[in-house]
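Thanks for coming. I have one structure to go through today, and I will take the side-chain contacts before the fold.

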Amino acid sequence: MTALSAPADPTAPSLRTLRTDRQGPVLSIELNTPEQGNAVTDTMLDELLAVLDAQDPDIRVVVLGGAGEDFCLGGDRTEFAEQLAEDPTGGGIRVSGAKARRVCEALSANPAVTIARVQGKAIGAGLALALACDLRVGAETATFRLPELALGLPTAWGGLLPRLLNEVGAARVRELVLTCRAFGAAEARELSVLQNVVPEAELDAAVRAWAAPVVRRSATALRVTKHLFNAYANATRLADITSLDAELMASALAAHEYTTGKAARRTGTPF
């Protein structure tokens, strides 16, 4: 893939955290900070929003992948700490959380079919990004984890929890969230976190096998079908409180910083 400027603004500088590539009606978006495990930062969220908001209506398939060994290691905890240092009330976390929800909604409500291509680790926010896609294929060696509770945080990023409950089921999700244990690709397929598992060398072929019939479909029919899927999924929820995700995360992080900061001052240990 070659780095492109965000389509929304042709004069904008090249994307710093993503690589995009268009082949006819297929748009590939690659998280491209492998040296940081493709951790989700505020800049990455801004760039994802810019690319998705400016998406050409002729696009029928959007493929989301990650460069390097891992799909995405989750949110950037260093950036969280910096945001809290700048605003101890969690204002920066709230802004980032609102962006995260918009990105995941832009994937799930996208008029095109969205495909997650997962290798290596997909942790926390990385799992949320993959789960926001319609179709998800993973390498046999891929692993997944929801570590938020172990970090003293709620599972509240990008509307992840209701999507998990809808796709996987409450009993299984409860166990994964409360234990924070890692699970592999085979179990992910059993849970419907993945719909297909292949050797890593065959990931691109698996994506093409899904994309090939989709690009021949009517754009109108695809768009209406996506609306139907989302409408029926939402109808099973008594209420959608994902708008509170950013507030919950900000409050939890601020409280965590307060308590660990006090402990650090007593013991001399860093945050």
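I will start with a term: a polar contact is a pair of N or O atoms within 3.5 Å, where, within protein, one must be able to donate a hydrogen and the other to accept it, and residues adjacent in sequence count only if both atoms are side-chain atoms. What you see is a predicted model, so local features need pLDDT of at least 70 and side-chain atom pairs count only at pLDDT 80 or more, while totals for chains, interfaces and linings use all residues. Residues are numbered from 1 along each chain as its sequence is written, and side-chain values use heavy atoms, with hydrogens and water left out.

Now R136. The backbone oxygen of C133 lies 2.8 Å from a polar atom of the R136 side chain. That side chain of R136 also reaches the backbone oxygen of V193, at 2.5 Å. Is R136 buried or exposed? R136 is buried, with a relative accessible area of 1%; buried means under 20%, exposed over 50%, and partly exposed in between, using a 1.4 Å probe and protein chains only. Leaving out residues up to four places away in sequence, R136 touches several residues, among them A116, E167, N196 and W210; contact means heavy atoms within 4.5 Å.

R136 sits in strand β6, residues 135-139. Helices (H or I, at least four residues) and strands (E, at least two) are DSSP runs, numbered from the N terminus. Two strands pair if DSSP finds at least two bridges between them.

On to the sheet. Six strands form an open sheet with mixed pairing, in the order β1-β2-β3-β4-β6-β9. At the edges are β1 (18-23) and β9 (196-198), each of which pairs on one side only. From one strand to the next, the twist averages 20°. Inside the sheet, β3 (residues 61-66) and β4 (residues 113-118) pair in the parallel sense over four bridges, and V63 has I115 as its bridge partner in β4.

Two helices next. Helix α1 (residues 42-53) lies across β1, β2 (26-31) and β3, and runs at about 175° to β2. Axes here are lines fitted to C-alpha atoms, for helices over the stretch in contact, and angles run from 0 to 180 degrees between N-to-C directions. In helix α5 (residues 160-167), the buried residues are L160, P162, R163 and L164. Just after α5, G169 takes a positive phi of about 110°.
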